[in-house]
Amino acid sequence: MGTASQGATVEAIADAKAARDELRQALTEVDVLLPSLGLDTISLASAYGPVLVDLGRCRPDVARRLASALRECAG
């Protein structure tokens, strides 16, 4: 099992990147852009726990579009 700077494993980082990319694609399909979507740098440096996907920040209108898309899927 490889490591990246004595932090998260290479496999964990690759998995988090794939999850981020999958989420970005799904959000794009419902016309939602989270410009700060990325990997959490603190969890990248940690050898404990999963690498986290950081959803970042967005404008209020984007948050409302995301909420609407989630409601449509839940309904």
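Tutor: In this predicted model, Lys and Arg count as positive and Asp and Glu as negative, while His and the chain ends are left out of the count.

Student: How many positive and how many negative side chains does the protein chain have, and how far apart do the centres of the two sets lie?

Tutor: The protein chain carries 8 positive and 10 negative side chains, and the centres of these two sets are 8 Å apart.

Student: What makes the protein chain more spread out than a compact globule?

Tutor: Begin with its elements, which from the N terminus on follow the order α-β-α-β-α, that is, 3 helices and 2 strands. For 75 residues the globule rule gives 11 Å, whereas the radius of gyration of the protein chain is 15 Å, well over that value, so the chain is more spread out than a compact globule. Along the principal axes, its C-alpha atoms fill a box of roughly 40 × 20 × 15 Å.

Student: Why is Ser43 called buried?

Tutor: Buried means under 20% relative accessible area, and Ser43 has 7% relative accessibility, so Ser43 counts as buried. Ser43 belongs to helix α2, which covers residues 41-45, and, leaving aside residues up to four places away in sequence, Ser43 touches Ala8, Pro50, Val51 and Leu52.

Student: What percentage of the 75 residues of the protein chain count as buried?

Tutor: In the protein chain, 23% of the 75 residues count as buried. The chain exposes about 5,500 Å², of which carbon and sulfur atoms supply 57%.

Note on methods: Residues are numbered from 1 along each chain as its sequence is written. This is a predicted model: local features need pLDDT of at least 70, side-chain atom pairs count only at pLDDT 80 or more; totals for chains, interfaces and linings use all residues. Side-chain values use heavy atoms; hydrogens and water are left out. Helices (H or I, at least four residues) and strands (E, at least two) are DSSP runs, numbered from the N terminus. The radius of gyration is taken over C-alpha atoms; the globule rule is 2.2 Å times the number of residues to the power 0.38. Buried means under 20% relative accessible area, exposed over 50%, partly exposed in between (1.4 Å probe, protein chains only). Accessible areas come from the Shrake-Rupley method with a 1.4 Å probe; for residues, only the protein chains shown count as cover. The place of a charge is taken as NZ of Lys, CZ of Arg, CG of Asp or CD of Glu. Contact means heavy atoms within 4.5 Å.
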